[in-house]
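Biologist: I have a new model open beside its sequence, and I would like to learn how to read it. Could we go through it together, feature by feature?

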Amino acid sequence: MKILIVDDDASNRTLLAAIIENINDSENYEIEFAEGGHEAIKKTNIPPYPDVVLLDIMMPDIDGYEVCKTIKSNELTKHIPIIFITARNQYEDEIKAFKLGAAEYITKPFVKGVVVNRIKNQLELKKYRDNLEKVISEKNMSLININKNLQNEIRELESKLLYAQKLESLGIIARGIAHDFNNLLFPISGHAEIILDEVPNNELVKQSVKEILKVIDRTKEIVQQILKYGKKSYGKLVSFNIVQSISQTLKLIPIPLNIKIKLNMPQQIIMIKGNPIQIQQVLINLFTNAIYAMRKNGGILEVTLINEYSSNLRQIVDSSDDEPKGEYIKLSISDTGEGIDKSILDKIFEPYFTTKPEGEGSGIGLSVVQKIIKESKGYINVQSEVNIGTTFNIYLPIA
């Protein structure tokens with residue numbers, strides 16, 4: 001414990017030092033001296049700061065009151081206990097000392113035991129105060145961290161709420177569009193059936209009208225998909241062969257000559273649970289996006305199928321309530337195209353978000369993909385690097 005004795009009288013300094021050195025306790029005391037006020041202020045400003053200051057009032061340069069006032073006005077030293085030890089025994093002097101921030105006021109001649117007890121009391125109080133400040137500081141840091149975590153959670157919840165609201169509004173719009181589209185399909189279908197009845201002997205016209213009706217039926221399926229997008233569920237999941245679905249979907253998509261297809265798939269049947277029409281929609285969307293990313297320089301579109309166990313999926317699941325169970329098939333669709341900048345990678349599944357020029361993309365495709373995969377009890381994530389390529393990983397439960 002560091003004690004600073006401030007007195008212009010050498011005998012007083014020696015006496016106080018002897019009293020402190022003979023204190024019978026377990027503490028080690030380091031004693032410093034100052035012969036005047038300016039020297040005292042200078043020494044209290046140098047770390048490590050004194051743990052207590054024994055201060056005389058009457059000194060040749062500046063008095064003890066001014067020293068006390070200066071120490072207490074400094075943010076770094078205001079916590080140092082100051083014990084006045086002085087020959088001035090007027091009540092007004094004592095009041096002034098306490099007003100300036102003194103901890104104790106002892107008049108000369110003093111009793112040795114009083115000085116010892118007052119010093120020990122102030123040192124003990126300082127220990128408690130320092131420990132309390134440390135605890136408060138640690139608690140404040142803990143509260144700051146808790147508050148920071150809460151703020152992050154609030155922002156995350158706000159983001160999820162906004163995303164849910166976007167999906168809900170998109171569903172309402174989708175249902176409205178589907179309703180209007182159905183109204184347009186109805187008279188087309190009706191008139192086509194009338195034509196069939198009116199030209200029973202004209203095979204060329206009949207065949208053309210039948211093709212029109214086929215397109216109408218296919219369009220009705222798409223309208224049903226749009227209607228289902230706005231609902232919570234896509235209905236009953238069925239078992240189907242994902243290998244066959246991938247092969248059939250690739251045949252539907254025009255592949256530019258500068259893009260090569262690389263398939264890493266087993267020949268045998270792999271049955272998964274889902275909605276085959278919806279999964280085909282996912283495949284068409286991801287294949288089309290991959291081809292678009294390689295439109296300028298060409299590249300490789302790679303499709304890989306491997307088995308994946310639920311224990312390996314936990315790192316990509318964003319909710320503890322959504323625990324993967326059983327065996328999954330991992331479908332990876334990779335391209336060697338432009339890649340996606342990391343600053344926007346977490347936004348690509350948001351409705352209406354797109355990096356394509358106006359007229360080339362609606363920003364709906366990937367949000368639909370994510371919704372379909374979720375409704376299929378599966379998971380999806382993406383890795384991408386600019387100018388290297390992008391990989392979408394889809395995990396679907398094996399039937």
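Modeller: Gladly, and let us start with burial: a residue is buried under 20% relative accessible area, exposed over 50% and partly exposed in between, using a 1.4 Å probe and protein chains only. Lys377 has a relative accessible area of 56%, so Lys377 is exposed. A word on the source: this is a predicted model, in which local features need pLDDT of at least 70, side-chain atom pairs count only at pLDDT 80 or more, and totals for chains, interfaces and linings use all residues. Residues are numbered from 1 along each chain as its sequence is written, and side-chain values use heavy atoms, with hydrogens and water left out.

Biologist: Where does Lys377 lie?

Modeller: Helices (H or I, at least four residues) and strands (E, at least two) are DSSP runs, numbered from the N terminus. Lys377 sits in the loop between α9 and β11 (379–385). Its phi is near 65°, a positive value in a residue other than glycine. In helix α9 (residues 365–375), the buried residues include Leu366, Val369 and Ile373.

Biologist: Now the helices. How is a pair of packed helices described?

Modeller: Two packed helices are described by the angle and the distance between their axes. Axes are lines fitted to C-alpha atoms, for helices over the stretch in contact, and angles run from 0 to 180 degrees between N-to-C directions. Here the axes of α7 (residues 242–252) and α8 come within 10 Å and cross at roughly 50°. That makes α7 oblique to α8, because angles under 35 degrees count as roughly parallel, over 145 as roughly antiparallel, 65 to 115 as roughly perpendicular and the rest as oblique.

Biologist: Is the crossing of α7 and α8 left-handed or right-handed?

Modeller: A crossing is left-handed if the near helix is turned anticlockwise from the far one by less than a right angle, and right-handed if clockwise. α7 passes α8 in a right-handed crossing.

Biologist: Which residues of α7 and α8 meet?

Modeller: Contact means heavy atoms within 4.5 Å. From α7, Ile242, Ser245, Ile246, Thr249, Leu250 and Leu252 meet Ile279, Gln280, Leu283, Ile284 and Phe287 of α8. These residues divide into 8 nonpolar, 3 polar and no charged. In that count, Ala, Val, Leu, Ile, Met, Phe, Trp, Tyr, Cys and Pro are nonpolar, Asp, Glu, Lys and Arg are charged, and the others, Gly among them, are polar.

Biologist: Is Gln280 buried or exposed?

Modeller: Gln280, in helix α8 (residues 276–293), has 18% relative accessibility and so counts as buried. Leaving aside neighbours within four places in sequence, Gln280 is in contact with Arg218, Thr249 and Leu252.

Biologist: And strands: how many bridges join β9 to β10?

Modeller: Two strands pair if DSSP finds at least two bridges between them. Strand β9 (residues 299–309) and β10 run antiparallel, joined by 8 bridges. Asn307 has Ile329 in β10 as its bridge partner. β10 also runs antiparallel to strand β12 (residues 389–397), again with 8 bridges, and there Tyr328 has Pro397 as its partner. Strand β10 (residues 327–335) is mostly covered, with 8 of its 9 residues buried.
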